[in-house]
Amino acid sequence: MVKKYLQKHPETVNHQLKSTHGSFQDLHNNVDLASTLKCILETVLSLISADRCSIFLLDKEKQELYTFAFDISKNAKQPKRIENYFTEKQNLLSPRDRLRLVRSNTMSDADRAVIERAHTLAESLSRRVSTEVHEKTSKIRIPVGSGIAGHVAQTKKPLNIPDAYKDSRFSPEVDKMTGYHTKQILCMPIFAPVVDPSVEPEFLGVASLINKKDKSSTSFGDAEIEIFSNILKLVGISIKSANMFEESLKTETEAIKLAVQTADMFEKTKNQMAKADMLIKLARMLYAEDKVENIVATIVNMAKEIMLADKASVFIVDKEAGELYSSVFDNGTEKKITTSIDKGVAGYVARTGETVNLANAYDDPRFNPAVDMMTNYKTVSMMCVPLYDPSGEVIGVANLINKTNTKIDAFSAEDQKQFEDVALFCGLALSKAIMNKRMDEQRHRLAIAMDLMSYHASVSQQEIDDYKAKEASLMPQLEKMREWTFDAHHWLFDNDHLVAMVHNMFTHLKYGETFDILDDHLVNYILVVRRNYRPVAYHNFAHATSVAHTVYLFILNGLLDPYMDKLELFSMLVAALNHDIDHRGTNNQFQKIAHTDLAKFYDNSTMERHHFNHAMAVLNSGQGINILSKLTKEDYKKSLKYIESSILATDLALFFQNQKKLKPLLQEKAFEPKTNLEHKELLRGLIMTCADLGAMYKPWDSSRKTADLVYEEFFVQGDQEKALGVPYSSELTDRSKLPEIPRMQLGFYSFVVLPAFETLKLVMEDKVDHILQQVQANKKGWQDLKESGKPYVMGE
């Protein structure tokens, strides 16, 4: 029938195709896609014998089809053509004009009006198009893959169905909604135009022809399919063009909005840049200064210039004194002012941290006229702003007095905001300067303290000569000091004998000759170290001498020669002598619970780090004291490193850590201190621990007396803990535990002393058998005392 119709009526067909093409051309000048497509579809119905035609477009986000033009029939009323909405808008503003406005420094009121009208029209058109689309698309929505249309959308292939109700893919729901009976269906995909044949075309939707009017055939024929397919290409172009138009409309609308915002932003930015330049200049000026007086002068001068104030001042807060003190700079003269923090506007700002801006100062009860009286000046308007340090504390107050602008007598809200911003920089700079001043004061105090310490800790040449004169008479009593059983604690507070022992250790090992130490300097050094030990019960100069003596015996008997050179051995002996210097009779745990200054200064190994630093202070406390001074630069650094690691190793907390590393190495016979530096450090730590515990391998009577000294010092610490109201750091410091000393000693031997000397035995084998045997004998002595059942009495 279609072919016959085309043969009989060619002029009608040509006319109708031209009409369709004309409708397509109209789309380029028309934003009403729905009306244009409706015209095209009605033309389709004139060419093809179908009752109705529908278009479903794809919603990509939801993967659904929605009705755009639904059930279009030939008898429907032809929609009115929509005129070109954009004629007026295009005449309003050309692209070149829009670019000119965006780039220009200023924007006239007329330009703004043009942009606003264009903006309004664009939004109106956008709403109109979206509304029309929404009205068309809000009726029926079909998921992709559901029904005939959904199947075509999924496969992107056409369907020609002679009887819809016999096809399982057909959904009768639409018929139920519309009251219409669907028989034949021709459903075809709609694609966007393709520029590159190698690229898959964009799928836009589907179009359906419903029910043939010509009853001579049961389905749509090939000619009808071809006509419909060609027309759908035009429909695809139309839809794609409409989509592109809508996107361009949105883009242009946003561009117009951006142009307006840019113009406003430019004005604000220009003001902000001027303000930023001023703040940068101020910041550079402030941070170039370190003196408080110069900072204050800079703030005052800059504030007067920026804020147009007649006078300015900066008050610094002294919270301890409850005062504000200031220098008022007036024409180059400086006037010192001190006032109570409880008085005046500045005092109020210092206490509350609130800005005060007064148009008439004398009308405010907080204003203190005493300053005016002192300076012979009349305050009218004033603004007072707090200055903060980095922690948020008010450290000062900046004062502006009397606005000099003749048109405005008071400081405005904008002035206040600007000066508060300036005050942030001023506060940070002032805080830095105050901190630097305090640090300088602390340095001066420290220098004075160090000078005093150096004077009182040093010894005179007369003292050195007096000691050396009697040293020979002391030595006969020390003839057994080469033996392991010799105990320095026998001369507990006999300092001359202790000095003689230490001096003899260094000279006997010929360290004076090896390291170019003058004998007077060596004696001087030993006497100064002695003076820096406090007279506490146990950690005193006798203990230091005892520990040094154990290290001396290790060196003397060659036990360390296979592992360490002379510089290392010399440094360990120096470390042993200094390992408890300036000990206060309290341990690391006490420093933490009592929150001492030492605990705040050192995070770990508190006392040991203090001992090392104090030892360094002694070495550098004056001429003729530094016994390392003749070492080369490289050896000097090495020696300090050895001394530090040796002193830190006396912290028992480190001993337990080292034990965990040493045990597996010794068990696996992998301990190589001769070649492995880490292993050598472990050995150095072990030697220092055993030397620190040296009293535990002395004969029983000596060892027990030394233990009594240890507990006496512990109990004094416990008394301090009790007075501070803090828990005992250990039961060892609880004086009420005195009768249980044997039990506590057994625990100490089991967990600390024996493991240390047993590890030493594994390293040095039978060379230290006698030491381990005496340690075991002393442990048995404490075991016997515990099993006796008698309360322990110190000193028996």
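Visitor: Which residue lies over the face of Tyr-348, and at what distance from the ring centre?
Guide: Arg-366 lies over the face of Tyr-348, at 4.6 Å from the ring centre. A charge counts as over a ring if NZ of Lys or CZ of Arg is within 6 Å of the ring centre and within 35 degrees of the ring normal. This is a predicted model, in which local features need pLDDT of at least 70 and side-chain atom pairs count only at pLDDT 80 or more, while totals for chains, interfaces and linings use all residues. Residues are numbered from 1 along each chain as its sequence is written, and side-chain values use heavy atoms, with hydrogens and water left out.

Visitor: And what lies over the face of Tyr-362?
Guide: Lys-378 does, at 3.8 Å from the ring centre.

Visitor: How many aromatic pairs are there?
Guide: The count comes to 19 aromatic pairs. Rings of Phe, Tyr and Trp (its six-membered ring) pair if their centres lie within 6.5 Å; planes under 30 degrees apart are stacked, over 60 edge-to-face, and the rest tilted. Tyr-511 and Phe-570 form an edge-to-face pair, with 5.3 Å centre to centre and 70° between the planes.

Visitor: Which parts does that pair tie together?
Guide: Tyr-511 lies in helix H16 (residues 511-514) and Phe-570 in helix H19 (residues 566-578), so the pair ties together parts that are 59 residues apart in sequence. Helices (H or I, at least four residues) and strands (E, at least two) are DSSP runs, numbered from the N terminus.

Visitor: Are Tyr-511 and Phe-570 buried or exposed?
Guide: Both Tyr-511 and Phe-570 are buried. Buried means under 20% relative accessible area, exposed over 50%, and partly exposed in between, with a 1.4 Å probe and protein chains only.

Visitor: Which residues do ring pairs link into a cluster?
Guide: The cluster consists of Trp-484, Phe-554, Tyr-697 and Phe-757.

Visitor: Changing topic, what does Thr-545 contact?
Guide: Thr-545 lies in helix H18 (residues 541-556) and is buried, with a relative accessible area of 0%. Leaving aside neighbours within four places in sequence, Thr-545 is in contact (heavy atoms within 4.5 Å) with Ala-488, Leu-498, Met-501, Val-502 and Met-505.

Visitor: Which backbone oxygen does its side chain reach?
Guide: The side chain of Thr-545 reaches the backbone oxygen of Phe-541, at 2.8 Å.

Visitor: How many residues does helix H26 have?
Guide: Helix H26 (residues 700-724) has 25 residues, and its span from first C-alpha to last is 36 Å, close to the 36 Å expected at 1.5 Å a residue. The expected span is 1.5 Å times one less than the number of residues. Its buried residues include Val-710, Tyr-711 and Phe-715.

Visitor: What covers those buried residues?
Guide: The cover includes helix H20 (588-593), helix H27 (741-764) and helix H28 (769-788). Just after H26, Gly-725 takes a positive phi of about 80°.

Visitor: Where is Ser-605, and what is its phi?
Guide: Ser-605 lies in the loop between helix H21 (597-601) and helix H22 (606-619), and its phi is near 45°, a positive value in a residue other than glycine. Most residues other than glycine have a negative phi. Ser-605 is buried, with a relative accessible area of 11%.

Visitor: Is Lys-669 buried or exposed?
Guide: Lys-669 is exposed, with a relative accessible area of 74%. This residue is found in the loop between helix H24 (652-667) and helix H25 (677-692), and phi of Lys-669 is near 55°.

Definitions and conventions:
A polar contact is a pair of N or O atoms within 3.5 Å; within protein, one must be able to donate a hydrogen and the other to accept it, and residues adjacent in sequence count only if both atoms are side-chain atoms.
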